[in-house]
Structure formats: C-alpha cells, structure tokens
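User: I have a model open and want to read it piece by piece. Can you take my questions in turn?

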Amino acid sequence: MANPERYAAFAIAGLAAVMVVAALVTVGGPGRAQQEARDRLRLDDLQMLAMSVDCLADGGPPPAEIAPSEQCPDLPRQTDPQTGEPYLYEVIDANSYRLCANFERPERRGFTGYDMQFDGARGCLPRRLN
C-alpha cells in the first residue's frame with residue numbers, strides 16, 4: 001500500500017524544484033546579473049564621458065574629439081572594459097552629440113540620468129548642449 005506521507009514529501013520536493021527553476025527563468029540567473037552589471041558600467045562610462053564633453057564644449061559646440069585639455073585634463077575611460085572597443089562619440093550638429101556603446105542587454109529602455117534619456121534600441125545617450 002502507498003504511503004501518503006512519502007507522496008507528500010515527493011510533491012513538496014518537486015514543487016520546490018519547480019519554484020527554483022521558475023525563479024531562475026524570471027530573474028535570469030547569475031549570467032544575466034553579470035551582463036547587467038557590465039552594461040551598468042558601460043552606461044556609467046557614457047555618463048562620465050558626457051560630463052567631459054560638456055566640460056570640453058564650455059558653452060560652445062561639441063568638440064570634434066574627446067581629448068584632454070587644460071580645463072578638462074582628466075578624462076574618463078573611452079573604451080569598453082570588457083571588449084576593449086572604443087565607445088562611439090558622434091557630433092550630430094552644433095548643439096548636440098551622442099555617445100554609444102554595444103550593450104549586452106540593450107532592451108533596458110527608459111534609463112535616465114545626468115539629464116539624459118538612454119536610447120536602448122541604439123545603445124546611445126543623446127545629449128543636447130545648452
């Protein structure tokens with residue numbers, strides 16, 4: 001004859017296993033967390049570069065390139081720390097530019113920070129100078 005307590009123990013163990021798998025699928029597990037951490041670092045780099053470009057512009061148009069100057073001698077990292085690829089800096093017009101990176105999870109749309117709107121589809125921070 002079957003032991004109901006034994007079936008209950010198997011049912012509880014099975015339910016726990018299903019819950020762990022569901023949690024990993026929902027949260028994404030450690031690999032996803034690492035991707036998000038690297039993307040956050042990239043986004044932080046772009047924000048720091050934006051502050052440097054604003055410093056270099058000094059009320060004028062965006063500079064042709066991001067290079068140290070007397071007023072802005074210390075520039076942040078300009079390459080992706082994971083891949084070593086340079087971040088893209090592109091002057092759009094006399095008042096705007098954008099900084100872009102290759103993000104591992106580009107679907108993170110709507111991030112705002114340092115008075116900017118992150119374009120997750122392109123992986124760019126567009127910026128308009130005052």
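User: Are Y89 and Y97 buried or exposed?

Analyst: This is a predicted model. The cut-off for buried is under 20% relative accessible area. Y89 and Y97 both fall in that class: buried.

User: How many aromatic pairs does a search of the whole structure find?

Analyst: Ring centres must lie within 6.5 Å to count as a pair. The search covers the whole structure, and the number found is 1.

User: What are the distance of the centres and the angle of the planes for Y89 and Y97, and is the pair stacked, edge-to-face or tilted?

Analyst: The ring centres of Y89 and Y97 are 5.7 Å apart. Their planes stand at 55 degrees. Stacked needs under 30 degrees and edge-to-face needs over 60.

User: Which strand does strand 1 join, and how many bridges link the two?

Analyst: Strand 1 runs antiparallel to strand 2, residues 96-100.

User: In what order do the strands of the open sheet lie?

Analyst: The open sheet has 3 strands, with antiparallel pairing. Strand 1 (88-93) and strand 5 (124-128) are at the edges. Each has a single partner strand, so one side of each lacks a neighbour in the sheet. The order is 1-2-5.

User: What does the twist average from one strand to the next?

Analyst: The value is an average, taken from one strand to the next in the sheet. It comes to 20 degrees.

User: Which helix packs on the sheet, and at what angle to strand 2?

Analyst: The helix touches strand 1, strand 2 and strand 5. It is helix 2, residues 29-57. Its direction and that of strand 2 make an angle of about 150 degrees.

User: Is D45 buried or exposed, and which residues is D45 in contact with beyond its neighbours within four places in sequence?

Analyst: D45 sits in helix 2. Its relative accessibility is 7%, so D45 counts as buried. With neighbours within four places in sequence left aside, its contacts are R77, T79, P81 and Y87.

User: What pattern does the chain follow along the sequence?

Analyst: The chain has 2 helices and 5 strands. Read along the sequence, the pattern is α-α-β-β-β-β-β.

User: How much of the chain is buried?

Analyst: The chain has 130 residues. Its accessible surface is about 8400 Å², with 57% belonging to carbon and sulfur atoms. The buried share of the residues is 29%.

Conventions: Residues are numbered from 1 along each chain as its sequence is written. This is a predicted model: local features need pLDDT of at least 70, side-chain atom pairs count only at pLDDT 80 or more; totals for chains, interfaces and linings use all residues. Side-chain values use heavy atoms; hydrogens and water are left out. Two strands pair if DSSP finds at least two bridges between them. Helices (H or I, at least four residues) and strands (E, at least two) are DSSP runs, numbered from the N terminus. Axes are lines fitted to C-alpha atoms, for helices over the stretch in contact, and angles run from 0 to 180 degrees between N-to-C directions. Contact means heavy atoms within 4.5 Å. Rings of Phe, Tyr and Trp (its six-membered ring) pair if their centres lie within 6.5 Å; planes under 30 degrees apart count as stacked, over 60 as edge-to-face and the rest as tilted. Buried means under 20% relative accessible area, exposed over 50%, partly exposed in between (1.4 Å probe, protein chains only). Accessible areas come from the Shrake-Rupley method with a 1.4 Å probe; for residues, only the protein chains shown count as cover.
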